[in-house]
Amino acid sequence: MKLFHVLKSQQFDRERLDYLCSLSTVVRKVAKSRAGSDFLRSRLSHRRAMLYFTQPSTRTFLSFLNACQILGIQTSEIRDPSTSSEYKGEDLKDALRTFSSYVDLIVMRTNREGVADRIADHLDATDRPIPVINAGSGKDQHPSQALLDVYTLHRSFQFKGGIDGKTIAMVGDLARGRTVRSLCYLMKNYEDVRLVFVSPHGFGMLPDLKEFLTKRSIAFEETDDLRDVLPRCDALYMTRVQDEHDVDDESHSFDADRFTLHYDDLARLREDAVIMHPLPRRQEIDRRIDGDSRAMYWRQARNGMWMRVAMIATIFDVAGEILDHAADVYTTSELRDVGP
Ligand code: NCD
């Protein structure tokens with residue numbers, strides 16, 4: 001399986017998704033023993049990565065950092081552009097080209113759409129084209145989050161017929177949430193998935209995404225009634241209001257309570273449904289729900305680290321060695337499900 005840049009969800013087909021999901025499960029199993037984790041750490045100890053995160057991040061930054069460490073990759077980082085030469089007026093392309101002379105991988109998060117694509121194109125035309133991973137680009141895409149979301153759905157439904165045929169409700173500020181957009185694009189790879197978009201008026205899924213779904217014959221509906229949707233969804237994907245993009249305080253124009261999952265709502269949700277959230281959370285999910293077996297968001301965050309290990313191992317072509325090692329040490333059934 002070949003992988004170079006990770007720029008947007010549309011680039012992934014079903015075969016790649018299935019491969020990355022099973023590889024994630026294998027690496028998390030291998031990493032459990034000291035010998036396995038030493039093996040993983042020696043795979044890429046000759047590689048270096050640059051984490052260029054000029055937009056706030058907790059989980060994505062730390063899970064990429066830990067994923068690099070698991071594979072032995074050394075990292076450097078820029079988190080505040082005021083400490084880099086961009087502040088002196090350097091063009092982002094020049095800055096990233098400079099990083100590319102020091103490292104073998106760039107993971108980048110920015111507040112502008114399409115930046116990672118442009119940097120990848122730019123580096124491709126140089127004598128040192130290195131892989132670029134988009135770790136979140138403005139309101140547009142967050143492909144590594146979508147991959148970990150699919151991995152979470154894949155694990156949750158692995159003994160219930162998989163993701164095919166499931167109803168997934170996405171709740172909140174869908175117009176400005178990049179996680180839901182990237183996850184929707186990945187749904188092209190599954191059969192008979194039904195999407196239910198639950199958002200306040202004016203914060204619905206944007207026309208370009210709906211057009212994509214229509215073209216791919218992916219069923220979707222739109223509503224602002226969360227309670228009505230609860231009994232019929234297999235997965236409930238909650239998100240926060242993206243008010244950092246407000247122009248005129250518009251996030252306060254609706255009743256946030258209507259898009260909040262209350263403790264009492266659990267009774268309306270199916271016993272085998274899963275509750276997801278990319279985090280950070282504000283009030284969208286009552287904290288008492290954290291103890292419910294359907295709450296998947298903490299496991300989802302942990303899944304992200306393993307999926308990022310799988311992604312980076314594939315980019316650097318060491319996934320085969322990891323799979324061979326795992327097959328020598330574990331039986332197939334031991335590798336199938338490894339718990340949280
Ligand atoms: C999300 C993001 O940055 O888009 N967070 C994340 O990466 N897990 C979601 C958000 O900020 O609401």
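Trainee: At what angle do α1 and α10 pack?
Mentor: About 110°, with the axes of α1 and α10 8 Å apart. That makes α1 roughly perpendicular to α10, since angles of 65 to 115 degrees count that way, with under 35 called roughly parallel, over 145 roughly antiparallel and the rest oblique. The axes are lines fitted to C-alpha atoms, for helices over the stretch in contact, and angles run from 0 to 180 degrees between N-to-C directions.

Trainee: Which residues make that contact?
Mentor: From α1, Y19, L20, C21, L23, S24, V27 and R28; from α10, R302, N303, W306, M307, V309, A310, M311 and T314. Contact means heavy atoms within 4.5 Å. By class there are 10 nonpolar, 3 polar and 2 charged residues; Ala, Val, Leu, Ile, Met, Phe, Trp, Tyr, Cys and Pro count as nonpolar, Asp, Glu, Lys and Arg as charged, and the others, Gly among them, as polar.

Trainee: Before we go on, what kind of model is this?
Mentor: It's predicted: local features need pLDDT of at least 70 and side-chain atom pairs count only at pLDDT 80 or more, while totals for chains, interfaces and linings use all residues. Residues are numbered from 1 along each chain as its sequence is written, and side-chain values use heavy atoms, with hydrogens and water left out.

Trainee: Back to α1, then. What covers its buried residues?
Mentor: The cover includes α2, α6, α7, α10, α11 and α12. Among the buried residues of α1 are L17, L20, V26 and V30, where buried means under 20% relative accessible area, exposed over 50% and partly exposed in between, with a 1.4 Å probe and protein chains only.

Trainee: You mentioned α6. How do α1 and α6 cross?
Mentor: At roughly 75°, with the axes coming within 10 Å. So α1 is roughly perpendicular to α6 as well. L17, L20, C21, S24, T25 and R28 in α1 meet L147, V150, Y151, H154 and R155 in α6.

Trainee: And how many residues of α6 are buried?
Mentor: 13 of the 14, so α6 is largely enclosed by the rest of the structure. From first C-alpha to last, α6 reaches 20 Å, close to the 20 Å expected at 1.5 Å a residue; the expected span is 1.5 Å times one less than the number of residues.

Trainee: New topic: are α7 and α8 roughly parallel or roughly antiparallel?
Mentor: Roughly parallel, as their axes come within 10 Å and cross at roughly 15°. In that pair, R181, C184 and Y185 of α7 meet D208, L209, F212 and L213 of α8.

Trainee: Where does I322 sit?
Mentor: In helix α11, and I322 is buried, with a relative accessible area of 0%. Leaving out residues up to four places away in sequence, I322 touches V26, V27, F39, L40, R43, L71 and A313. F39 is 283 residues from I322 along the chain, yet their C-alpha atoms are separated by 8.4 Å.

Trainee: Last one, the backbone. Which residues does the cis peptide bond join?
Mentor: L279 and P280, with omega about 10°. L279 lies in the loop between β9 and α10 and has a positive phi of about 65° although it is not a glycine.

Trainee: Is L279 buried or exposed?
Mentor: L279 counts as buried, at 11% relative accessibility. D317, in the loop between α10 and α11, also has a positive phi, near 60°, but D317 is exposed, with a relative accessible area of 51%.

Key
Helix = DSSP H or I, 4+ residues; strand = E, 2+ residues; numbered from the N terminus.
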